[in-house]
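Colleague: I would like to learn how to read a sheet and its salt bridges in a model such as this one. Could we go through them together?

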Amino acid sequence: MLPVNSPNAAVQSLLVSSHYCAKSLYDAIGKVPIVRLNQLDLLCKQHNIYIKLDSCNPSGSIKDKNAVYLIKQAEEQGLLKPRGTIIESSSGNFGLALASIGASKGYQVIIVIDAKTPPPVIKMLHAYGASLVEVPLTLADEAGSMQKARMAKARQLASEIPNAFYPCQHLNPDNPTAHQAYTAKEIAAEFPTPPDAIVIGVSTAGQLAGIARYFRDYSPNTEIICVDVAGSAILGMPRYPYKMIGLGLSFVPPAFDLNYLDYGYNVEDHIAFSMCHLLAKKEGLLLGASTGAIVSAGLAYLQLQSQAKTIVLINPDRGDRYLDTVYNAEWLAQQHLTLLNRRELMQAINTIQPVVFPENSKGAACEKR
């Protein structure tokens, strides 16, 4: 037997505790760690701030859950047959999740991308064997969004290619069910005393709707906080171009419902990207752009609280797919984005006000929808 205090004993102890072995890629999805944040700010000493690392799913994002759920459902309903083709509009994570699962199941995968798709994502999609179709910039709308053009192209391809299945993450009513079945239950299992709040990027509203539906019944006192990028259409604020990938839409997705949230925040690109850099340097977490917005909104929410709270922040994806953009000084300069230092960032977060909030909120200066 190894001495209790030897380095090898410590390693052996870790190995014994890490005993989960998945029978397949499907079974590995959702088995992710939850980590407490300790170094970002004094708020970490006053509150319990946890981040759920859904970036640790097999393809590197939370989108593995709705991808596997919608594929299973399509197989059961006969919409997706062996050697069939999966077609989707995506500039990132959902495309990677479909490409990963498609590779493991023997499906062809075609992803419709646009000019904002980060180069590392394109390389990863090719590595999974996916085929890519790019929509030209000339089809962007007045705010520079390509989503509607991408979706139209995906719909066209699905109608032309035999045995094709188009999950359509933005409009599929079953998209939230995946997060009700997976993400919400994972949080409930890890927190026997439910958290005071859960902070979620709105994206297609699948995560928001699924988690909110579950927690409205399971723990009605848990506040649901949604986060979007400033310039997006979803929370009803003025639209303008933004550089964020992963958050923001040019339309309100059908899964979005104001009744699901207690607070809604819009976060500017430069605040979100600055938070990404701070998370890497202070917490050792290299995470995606939307996570910077989610953490910033979580801290802004805590500024409103007079008592200690326990909150869970949902981390959608890893940072490696943003090495050429968010973590690239040259790209940031080209976009006229200046990173804030720690003091400037916390000052900026202190000025973020919710754009949606409950009737009894103290944020009286905010515009209530």
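Modeller: An open sheet of six strands runs in the order 1-2-10-7-8-9, with mixed pairing, where strands (E, at least two residues) are DSSP runs numbered from the N terminus and two strands pair if DSSP finds at least two bridges between them. The edge strands, each pairing on one side only, are strand 1 (34-36) and strand 9 (263-267). This is a predicted model, in which local features need pLDDT of at least 70 and side-chain atom pairs count only at pLDDT 80 or more, while totals for chains, interfaces and linings use all residues. Residues are numbered from 1 along each chain as its sequence is written, and side-chain values use heavy atoms, with hydrogens and water left out.

Colleague: In what sense do strand 7 and strand 10 pair?

Modeller: Strands of a sheet pair through backbone hydrogen bonds, either parallel or antiparallel. Here strand 7 (residues 197-201) and strand 10 (residues 310-315) pair in the parallel sense over three bridges, and Leu313 in strand 10 is the bridge partner of Val199.

Colleague: Which side chain meets Asp262 in a salt bridge?

Modeller: A salt bridge is a side-chain nitrogen of Lys or Arg within 4 Å of a carboxyl oxygen of Asp or Glu, and Asp262 meets Arg216 in this way (3.5 Å, N to O). Asp262 lies in the loop between strand 8 (223-229) and strand 9, and Arg216 in helix 10 (residues 206-218), so the pair ties together parts that are 46 residues apart in sequence.

Key: Helix = DSSP H or I, 4+ residues; strand = E, 2+ residues; numbered from the N terminus.
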